[in-house]
Amino acid sequence: MNRQLTNEKWAALYVRLSRDDENEGDSNSIAHQIDILAKYCKDREITDYKIYKDDGFSGTNFRRPGFQEMLADIESGLVSMVIVKDMSRFGRNYLEVGLYTEVRFPEMGVRFIAVNDGVDSDDQMGSDFTPFRNIINEWYAKDTSKKIRAVFRNKGMSGQRLATSAPYGYIKGTDGHLIIDEETAPVVKLIFQLCVEGNGPSKIARMLKERGIPTPGTIEFRRTGRTRNYHPDDPCGWKDSSVVYILGQDAYLGRTTNFKGTKLSYKSKKRIANPPDKWAIFENTHEAIIDKDTWEIVQKAREQRRRPTKMGEMGMFSGLAYCADCGARLYHCRTTSWTHEQECYTCSSYRTRKQCSAHYIRAVVLEQLVLQNLQRVVVYAQEDEDEFVRLVMTNKLAAQSAEREQAKRKLEKAEHRINELDAIIRRLYEDHVLGKLSEERFAKMSGDYEREQAELKQTVSELRPTVESAEEQAVNLQSFLKIVRKYTEPTELTPALLREFVEKIVVHAPDKSTGHRVQRIDIHYNFIGEIDFSPEFSRSSKNNNSMIPKYHAVAVG
């Protein structure tokens with residue numbers, strides 16, 4: 001019968017089953033609920049009905065597809081009554097259940113029946129206990145949620161992976177542990193390598209598509225038939241969001257990290273991110289795909305996000321070069337009519353707001369200076385590793401000592417000002433009591449001083465750990481030396497080489513006081529920071545040649 005054409009209303013038979021309800025056996029199965037409701041209709045000669053079902057949806061959430069379809073038909077005036085097996089099938093949030101059954105349905109002239117609970121909205125006397133039953137149903141959902149959370153908590157704290165699906169690059173073994181997927185793991189390595197070479201997520205996604213590499217959704221469809229993330233018209237159409245997600249997955253280190261996120265409550269499906277101090281991290285739980293050094297380089301590259309030029313390319317130093325005076329990044333300048341020798345970098349603050357000087361430096365000059373400095377560092381580290389380690393540690397300890405001294409001076413200055421403000425506030429109070437200051441004037445002045453004092457106390461609390469800490473930060477020299485051993489003397493500066501070695505480059509303003517344009521750059525290397533070589537160290541080279549760097553790289557023009 002075409003109900004739309006005959007304008008006849010029908011009875012809505014609503015059935016629902018959540019994942020937790022499955023544990024109770026067949027009594028709450030979808031088929032069993034339908035049988036009960038169909039028999040109820042048959043016994044009362046209700047022949048015109050439509051079944052709405054939600055399989056695998058929680059009763060605390062009313063954004064279920066079957067429920068929403070039924071609600072749309074009710075609002076269109078097509079439904080005369082709603083019949084459910086019991087109140088818990090309709091929902092487990094007593095406020096929303098009550099809103100529908102006691103307010104919205106009566107307003108729309110819809111009768112509500114819960115068969116096993118004996119609820120019928122046409123029988124007002126028999127529905128008096130319904131609100132209490134709704135509260136009990138919600139308590140049940142809350143108690144179930146607490147038990148499930150406790151089980152997951154115990155599982156997560158034992159080092160077992162909580163995620164139900166394996167990350168791209170892995171498959172789940174029979175025991176639940178991750179096993180490297182021989183088909184997709186090489187793609188993960190390729191994505192990380194392309195990022196190390198200086199490519200952003202959008203460009204990596206294009207490169208993967210150009211190489212005809214199937215997306216994770218396509219792989220899932222081919223293996224399981226699931227079409228959730230499968231696009232048959234574009235099976236190799238990678239999205240930059242997929243690349244970003246892969247680059248941020250620490251599972252590729254062979255690590256299991258649980259409790260990265262949580263739900264607000266058992267009533268909400270929205271997930272919120274947990275701070276890192278609430279994570280539970282377990283190392284070496286499965287075989288790694290990406291080594292730690294590559295991971296660190298990629299994460300630093302992701303922190304230094306860069307935008308391509310209007311020509312669709314990114315400069316080699318974009319995201320790495322910074323202004324020595326204002327700390328802003330240097331902007332890559334180029335046009336279609338310029339040659340590579342004409343490309344340059346300028347301070348972004350100067351370019352946009354004229355708040356700094358240009359710090360102009362040509363790209364080819366920057367490439368030459370960085371390559372020369374890098375060549376000298378590599379040679380030094382390879383020729384005399386022990387001396388190199390001693391020098392780096394000396395530089396690092398000196399830098400840490402200078403940092404602590406600077407923090408100490410700031411701390412002493414802040415504490416002195418706090419004491420001064422205490423005295424000033426006391427005098428203000430005395431003047432106010434003696435009538436020398438009006439109430440309005442006293443409130444304004446004391447408020448300003450108290451705000452300044454509060455800010456200073458916050459600064460003191462941040463500085464004190466730096467000053468009092470005697471523990472020195474360890475320098476990961478071995479990670480740097482591991483990279484050094486991969487290369488002989490580099491002859492060309494490539495994006496991959498640059499990202500592996502260099503953390504950032506600080507460009508100073510040019511000095512023209514001598515009649516020549518002299519410009520200094522400071523190169524900070526990954527894992528070890530800036531290397532400041534003194535003249536005596538240049539004589540320690542085994543070959544005693546001029547390849548050992550002295551001081552900072554300087555461009556002379």
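1. The structure contains 21 aromatic pairs, where rings of Phe, Tyr and Trp (its six-membered ring) pair if their centres lie within 6.5 Å, and planes under 30 degrees apart count as stacked, over 60 as edge-to-face and the rest as tilted. This is a predicted model, in which local features need pLDDT of at least 70 and side-chain atom pairs count only at pLDDT 80 or more, while totals for chains, interfaces and linings use all residues. Residues are numbered from 1 along each chain as its sequence is written, and side-chain values use heavy atoms, with hydrogens and water left out.

2. Phe67 and Tyr100 form an edge-to-face pair, with 5.2 Å from centre to centre and 75° between the planes. Phe67 lies in helix H3 (residues 65-75) and Tyr100 in helix H5 (residues 94-107), so that the pair links parts of the chain 33 residues apart (helices are DSSP runs of H or I, at least four residues, numbered from the N terminus). Phe67 is buried at 0% relative accessibility, and Tyr100 is buried at 6% (buried means under 20% relative accessible area, exposed over 50%, partly exposed in between, with a 1.4 Å probe and protein chains only).

3. The rings of Phe105 and Phe112 form a tilted pair, because their planes stand at 40°, with the centres 6.2 Å apart. Phe105 has a relative accessible area of 0% and is buried, as is Phe112 at 2%.

4. Ring pairs join Phe67, Tyr100, Phe105 and Phe112 into a cluster that also includes Tyr14, Phe62 and Phe90.

Note on methods:
Helix = DSSP H or I, 4+ residues; strand = E, 2+ residues; numbered from the N terminus.
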